[in-house]
Amino acid sequence: MAGFRTLSVPGPTNVPESVRCAIDAPMEDHRAPDFPRLTLPLFEDLKQVFKTRHGRPFLFAASGTGGWEAAISNTLSPGDRVLAARYGQFSELWTDMCRRHHLEVEVIDTEWGHAAPVDELERVLEADTERGIRAVLVCHNETATGVTSDVAAVRRMLDALDHPALLLVDGVSSIASIDFRMDDWGVDVAVCGSQKGFMMPAGLAVLCASEKAMAAAERAAAPRCYFDFAAMARANDAGYFPCTPPVTLLYGLRASLDRLFAEGLDNVFARHHRLAEGVRRAVAAWGLELCARAPRSYSDTVSAVVVPADFDARKVLDIAYHRYGLSLGGGLSRLAGRVFRIGHMGDFNELMALTAIAGSELAMLEAGLPIEAGSGTAAAQDFYRGDAHHQAVDLQCVVS
Ligand SMILES: *Cc1c(COP(=O)(O)O)cnc(C)c1O
């Protein structure tokens, strides 16, 4: 196919030139005396991204799924009770992983499209008078449905009940794209992966553990080896790793952090919000709905667009991919055929969003959906144009 292919899936995201060039480096000795000059600042700078002062960042060669495993295996013991809300494919998979690690999972099933049900979590925790529940799992941004949950509200609820459970949060598709506050929200382990907001290839699980989580890790009896926080922390303190780290990805992370800080995290969040809002205007102009039910939980990194009930969204995905070289996200699990997802995360700008919108529009028209040609693209353009006066500062970042 001539010309660019367009990647608009909610991970992996587009890797900017500066990150790709940084990764293209010769191999070097990860036990060299000056290796910590690369690694120690990475750990310090990651604290800014997680918004933590005393939390400890970890980097494992793994995808986000490995990060989930690190979070639960370091802080819990077989037989421990954990409470999890399930409202999409990712919260479901993490819950399933807990079971396989012999944790006793109490699951609250919520209709997909809704956010973490704080009231229902509260009811279960309130009834837990013996304080047997050791951890609460929350998926901050459910990538399958395009729903962002209120982690701060979960923390307020835990504090109001004075419940000591750890708060373990999947921030894979939110951290570095959407506001995330490890310390303010009292998050005990935050899990992220390199291929979403960090704009890198997959391969680094990026985590952060609170002091409370590190203390829990000393008591936790779950079997762990590769993902052991203690061994990793000992080596990291000196700037090294217990086994061979993916050195080139560490260079990529350096470039990624430099880019995030040059734009400014608040500007990064504002850009994601603006791009997402343009996509949402397009969806409304098409006369379609988002999978996300409540406007306050609309995700700024991914939008899941619901197609009419008698229609298979896979047709749209096929045409977009084969005819226009546009990769959109499919519906996962029970949403297969029901939605297509537009990822607007990471190294993304207005014209990239418009490409995804225009491509979705073409594919929907060709698939026979009764939408008006150009309606979504025009609605997004109107929004981006009208919003332009807010962005004098960001403009420099987009251009540079
Ligand atoms: C992408 C993602 C993951 C991790 O998936 P990997 O493919 O293992 O990186 C976990 N949770 C959420 C919410 C995600 O979006």
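Hi everyone. Let me start with helix 3, residues 64-75, which gives the most to the shell around the ligand, with three residues. Please keep in mind that this is a predicted model.

So who else is in that shell? Of the 13 residues around the ligand, the ones that come nearest are S63, T65, T143, D170 and K196. Sorted by class, the shell holds four nonpolar, seven polar and two charged residues.

Now for some distances. The side chain of S63 has an N or O atom 2.5 Å from an oxygen atom of the ligand. For T65, a polar side-chain atom also sits 2.5 Å from a ligand oxygen atom. And for T143, an N or O atom in the side chain is 2.4 Å from an oxygen atom of the ligand. How much of the ligand does the protein bury? Taken alone, the ligand exposes 380 Å², and the protein buries 87% of that.

Let me move on to the backbone. Most peptide bonds are trans, and most residues other than glycine have a negative phi. Here are some exceptions.

G11 and P12 are joined by a cis peptide bond, with omega about 0 degrees. You will find P12 in the loop between strand 1 (6-8) and helix 1 (17-23).

Next, D162 has a positive phi, near 55 degrees. D162 belongs to the loop between helix 6 (151-161) and strand 8 (166-170). Is D162 buried or exposed? It is exposed, because its relative accessible area is 63%, over the 50% cut-off.

A176 has a positive phi too, about 75 degrees, and lies in the loop between strand 8 and strand 9 (189-193). A176, though, counts as buried, at 3% relative accessibility.

How values were computed
Residues numbered from 1 in each chain as written. Predicted model: local features only at pLDDT ≥ 70, side-chain atom pairs only at ≥ 80, totals over all residues. Heavy atoms only, no water. Helix = DSSP H or I, 4+ residues; strand = E, 2+ residues; numbered from the N terminus. Buried < 20%, exposed > 50% of the residue type's maximum accessible area, 1.4 Å probe, protein only. Near = heavy atom within 4 Å. Polar contact = N/O pair within 3.5 Å; in protein donor to acceptor, adjacent residues only side chain to side chain. Areas by Shrake-Rupley, 256 points an atom, 1.4 Å probe, with all protein chains shown as cover. Nonpolar A, V, L, I, M, F, W, Y, C, P; charged D, E, K, R; others polar.
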